[in-house]
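Please read these notes with the model open beside them. They are numbered by topic.

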Amino acid sequence: MIKKSLFMSICLVSMCFFLGSQLVFGYSTSSLIKNNNKIIYLTFDDGPSIMTDKVLDILKENDVTATFFIIGNQIKGQEAVVKRIFNEGHSIGLHTYTHTYKNIYPSRKGFISEMLKSQNEINDLVGIKPTTIRFPSGSRNHLTKPFLDQLHTYNFKVYDWNACMSDGVNCKTPIDKLYRDATRTKDTEHPIILLMHCDYMHKNTCIALPRVIKYYKNNGYEFKIINDETPENYFPIKNKK
Ligand SMILES: [Zn+2]
């Protein structure tokens with residue numbers, strides 16, 4: 001009898017602890033499983049271009065989706081590519097209108113007006129107003145807390161990266177090095193946001209891409225797109241002003 005009540009007490013305490021941990025930490029069994037999932041966001045900056053079309057072919061062949069941060073003034077003449085990005089289930093983010101630092105970084109107003117201009121052109125073309133944005137060269141040294149607050153008033157959300165193919169530094173980087181850089185990720189880093197580029201010069205990126213996709217597939221990663229629901233992910237903000 002004593003043994004039985006002791007056993008019951010242990011069960012009760014264990015159950016309380018389990019339920020308590022669910023409440024305190026907000027865990028549920030399903031979210032624990034989800035957190036263990038490996039997720040990668042393939043992201044391509046600086047399109048649309050002829051090479052973006054090639055990237056889309058590769059994504060299609062490998063049955064994965066990606067996110068394209070596009071430059072507004074490159075849309076003219078590449079309208080079909082933007083439509084294809086949208087129609088094939090990828091997501092579109094904003095990467096300013098001119099990508100010219102002297103236009104976008106001296107003032108927040110200039111930066112925001114370029115994002116809005118690109119947003120309008122995309123809306124005219126495919127009927128959506130993207131709110132996910134990426135700073136050219138990343139938000140480091142540009143994003144401040146007041147600036148972030150201001151961007152949020154436009155519903156903009158900022159996405160940097162935590163893995164990089166290094167094709168932005170030199171588009172002629174040898175293919176093996178591009179592959180090594182793009183797969184040099186930590187197992188503890190989740191989700192992975194991988195930066196790549198797809199303007200007209202990025203031929204080597206296209207050659208390395210199938211191997212990169214294969215690597216992440218073989219390692220059990222799920223490929224997702226960045227959209228309004230994706231938690232913001234930006235570099236640490238150091239300056240407060
Ligand atoms: Zn860029």
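In which strand is the place of Ala163?

1. Ala163 sits in strand β6 (residues 163–164). Strands here are DSSP runs of E with at least two residues, helices are runs of H or I with at least four residues, and both are numbered from the N terminus. With a relative accessible area of 7%, Ala163 is buried; buried means under 20% relative accessible area, exposed over 50%, and partly exposed in between, with a 1.4 Å probe and protein chains only. Ala163 and Asp181 are 18 residues apart in sequence, and their C-alpha atoms are 8.0 Å apart in space.

2. On provenance: this is a predicted model, in which local features need pLDDT of at least 70 and side-chain atom pairs count only at pLDDT 80 or more, while totals for chains, interfaces and linings use all residues. Residues are numbered from 1 along each chain as its sequence is written, and side-chain values use heavy atoms, with hydrogens and water left out.

3. The zinc site. Asp46 (OD), His95 (NE2) and His99 (NE2) coordinate the zinc ion at 2.1 Å. Along the chain, the donors have the spacing D-x48-H-x3-H. Asp46 belongs to strand β1 (residues 38–47) and His95 to the loop between β3 and α5 (101–104), so this pair ties together parts that are 49 residues apart in sequence. Donors are N, O and S atoms within 2.8 Å of the metal (3.2 Å for Na, K and Ca); water is not among the atoms, so sites may look incomplete. Asp46 is buried, at a relative accessible area of 11%, and His95 is also buried, at 1%.

4. Backbone points to check. Most residues other than glycine have a negative phi, and most peptide bonds are trans. Asp46, in strand β1, has a positive phi near 80°. The peptide bond from Gly47 to Pro48 is cis, with omega near 0°, and Pro48 lies in the loop between β1 and α3. Ser166 has a positive phi near 70°; Ser166 is in the loop between β6 and α8 (175–182) and is buried, with a relative accessible area of 14%.

5. Strand pairing. Strands β1 and β2 run parallel and are joined by four bridges; two strands pair if DSSP finds at least two bridges between them. Phe44 stands opposite Phe68 in β2. Strand β2 (residues 67–70) is also joined to β3 by four bridges, again in parallel. Thr67 has Ser91 of β3 as its bridge partner, and Ile70 has Leu94. From β2, the chain crosses through helix α4 (residues 79–87) to β3 in a right-handed β-α-β crossover. The unit made by β1, α3 and β2 is right-handed too. Right-handed means that, with the strands pointing away from the viewer, the path from the first strand over the helix to the second runs clockwise.

6. Side-chain directions. From β2, Thr67 and Phe69 point one way and Phe68 and Ile70 the other, all of them buried. In strand β3 (residues 91–94), Ser91 and Gly93 point one way, Ile92 and Leu94 the other, and all are buried.

7. Helix packing. Helix α3 (residues 50–61) packs against α4 at an angle of about 25°, with the axes 10 Å apart. The axes are lines fitted to C-alpha atoms over the stretch in contact, and angles run from 0 to 180 degrees between N-to-C directions. The two helices, α3 and α4, are therefore roughly parallel: angles under 35 degrees count as such, over 145 as roughly antiparallel, 65 to 115 as roughly perpendicular, and the rest as oblique.
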